[in-house]
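Let's take a friendly walk through this model together. Please have the sequence and the 3D view open as you read.

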Amino acid sequence: SAIQPKLLPAKLINGGIAGLIGVSCVFPIDLAKTRLQNQQNGSRLYTSMSDCLIKTIRSEGYFGMYRGSAVNLTLVTPEKAIKLAANDFFRQYLSKDGQKLTLIKEMLAGCGAGTCQVIVTTPMEMLKIQLQDAGRIEAQRKLMPETVGPGTVPTKSPTAMQLTRELLKEKGIAGLYKGLGATLLRDVPFSIIYFPLFANLNTLGKRGAEGPAPFYVSFLAGCLAGSTAAVAVNPVDVIKTRIQSMNRGSTEETYSGVTDCISKIMKNEGPSAFLKGAYCRALVIAPLFGIAQVVYFFGVGEYILGFLF
C-alpha cells in the first residue's frame, strides 16, 4: 500500500472502511454471481447477470438484491482489515532493511494474508451464500416446479442469526466452517496473484523513485490486479459456492467435498461451468480492491485515530 500506516488500528480502520464502501457498491452483482454459479443444467433460471438482477427485483423487490448483505457488512470489516494488515505485516517481516521484496517473497506475503483471512471469510461466505441463494430456490419453486421435489413446502427466508444458531446446534463450529478447504484454495492463490501484481503495477505509476504513486494509479492498479486474480481463481470459487450451499432443488447434485464436486461438475456440466459468474466476480472484485487501495492510500484510518485521540 502507498502509505505505510504505523499503527495496526489505523490499518484495521482503513481495511474496514474500504470493505464497507466496496460491499455497499457491488453487493447486487455478488448476489447474481452466487445464483449463476449455483444453477445446474436442467434448472437454469437465469441466463445472465442482468437477467438475474431483473428477475430478482421483480420477484423480491429492490432490496432482494441485498439479501445477505448484513452478514457481509458486519464481517467484511474484520476480513478486509485482516487481509490488508496481514499482507503489510508479512511484507515488512520479509523485507531486509527496507529493501525491495523479491517476487517470491511478495507471493509469500500474499500467501500469509490469504491464510489469515479465512478465519473470518469462511463463516461469512457460508451464511451469505445461503441467504443469497434462498431467492433462487424460491423462484425455481414458482417458475420451474419440476426442478423442486414434490411435497416441499415454501419456507420463509431464514435470517443470518437463525442460520448461525441452526448450524451451531446441528454441527457445532464446524458447521460454520464448511468449505474451509475450498475457501483456502481460493483465497491463498488469489492473494498470491493479487498483492505482487498490485505492488508492481503501482510501482509503474510512481512519479519519482521515492514518492507514492498518485491515488488514481493505486485505484486502477487495485482494479486491474483484483479482476485478474478474481478470474484466475473463479473455478475454485464455483466449487466453494456449490459446497457451501445447503439448499438444493431435487434435480440438483450434492457434493461431499472438493474432488467430488470437480468430478461431478466435469461430468454433468463440462469444463465451461467452472467459469460461471467469472465476469460478475471480476466486476465485484475490481472496484472492491480499487476502493480499498484508495482508502489505504489516503490513510483515512490515521485521520480518524488522530481525530479521536
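## Salt bridges

Searching the whole structure turns up 18 salt bridges, each being a side-chain nitrogen of Lys or Arg within 4 Å of a carboxyl oxygen of Asp or Glu. This is a predicted model, in which local features need pLDDT of at least 70 and side-chain atom pairs count only at pLDDT 80 or more, while totals for chains, interfaces and linings use all residues. Residues are numbered from 1 along each chain as its sequence is written, and side-chain values use heavy atoms, with hydrogens and water left out.

Begin with Glu-106 and Arg-91, whose side chains meet in a salt bridge at 3.0 Å, N to O. This pair links distant parts of the chain, with Glu-106 in helix α4 (residues 103-143) and Arg-91 in helix α3 (residues 69-94), 15 residues apart. Helices here are DSSP runs of H or I with at least four residues, strands are runs of E with at least two, and both are numbered from the N terminus. Glu-106 and Arg-91 are both buried; buried means under 20% relative accessible area, exposed means over 50%, and partly exposed lies in between, using a 1.4 Å probe and protein chains only.

Next, look at Glu-252 and Arg-136, where the closest N and O atoms of the salt bridge are 2.9 Å apart. Here too distant parts of the chain are linked: Glu-252 sits in the loop between α9 (234-244) and α10 (258-269), Arg-136 belongs to helix α4, and 116 residues separate them. Both Glu-252 and Arg-136 are buried. A further salt bridge joins Glu-269 to Lys-276, with 3.0 Å between the closest N and O atoms. Glu-269 has a relative accessible area of 12% and is therefore buried, and Lys-276, at 16%, is buried as well. Salt bridges that share partners also join Asp-30, Lys-33, Glu-125, Lys-128, Arg-186, Asp-187, Asp-237, Lys-240 and Arg-281 into one network.

## Overall fold

How many helices and strands does the protein chain have? The count is 12 helices and zero strands. The radius of gyration, taken over C-alpha atoms, is 20 Å, close to the 19 Å that the globule rule gives for 309 residues, so the chain is as compact as a globular protein of that length. That rule is 2.2 Å times the number of residues to the power 0.38. Along the principal axes, the C-alpha atoms fill a box of roughly 65 × 45 × 35 Å.

Of the 309 residues in the protein chain, 52% are buried. Among contacts between residues at least 6 apart in sequence, 80% join residues at least 24 apart, where contact means heavy atoms within 4.5 Å. The accessible surface comes to about 14,200 Å², and 69% of that belongs to carbon and sulfur atoms; the areas come from the Shrake-Rupley method with a 1.4 Å probe, and for residues only the protein chains shown count as cover.

## Nonpolar cores

In soluble globular proteins, nonpolar side chains tend to be buried together. The largest nonpolar core in this model has 37 residues, and those with the most contacts inside it are Ala-32, Tyr-46, Met-49, Phe-190, Tyr-194, Cys-280 and Phe-289. Such a core is a set of buried Ala, Val, Leu, Ile, Met, Phe, Trp, Tyr and Cys residues joined through side-chain atoms within 4.5 Å. At least two of its residues come from each of α1, α2, α3, α4, α7 (180-204), α8 (215-232) and α11. The largest share, nine residues, is supplied by α11. A second, separate core of nine residues includes Ala-182, Tyr-255, Cys-261 and Phe-274.

## Helix α2 and Met-49

Helix α2 (residues 49-60) has 12 residues and reaches 16 Å from its first C-alpha to its last, close to the 16 Å expected at 1.5 Å a residue; that expected span is 1.5 Å times one less than the number of residues. Within α2, Met-49, Asp-51, Cys-52, Leu-53 and Thr-56 are buried. The buried residues of α2 pack against α1 (8-38) and α11 (278-298). Leaving aside neighbours within four places in sequence, Met-49 is in contact with Ile-29, Ala-32, Leu-36, Tyr-279, Cys-280 and Leu-283. After α2 comes Gly-61, whose phi is positive, near 80°.

Thr-241 lies in helix α9 and is buried, with a relative accessible area of 0%. Beyond its neighbours within four places in sequence, Thr-241 is in contact with Lys-33, Thr-34, Gln-37, Asn-38 and Ile-129.

Cys-111, in helix α4, counts as partly exposed because its relative accessibility is 25%. Leaving aside neighbours within four places in sequence, Cys-111 is in contact with Val-188 and Ile-192.
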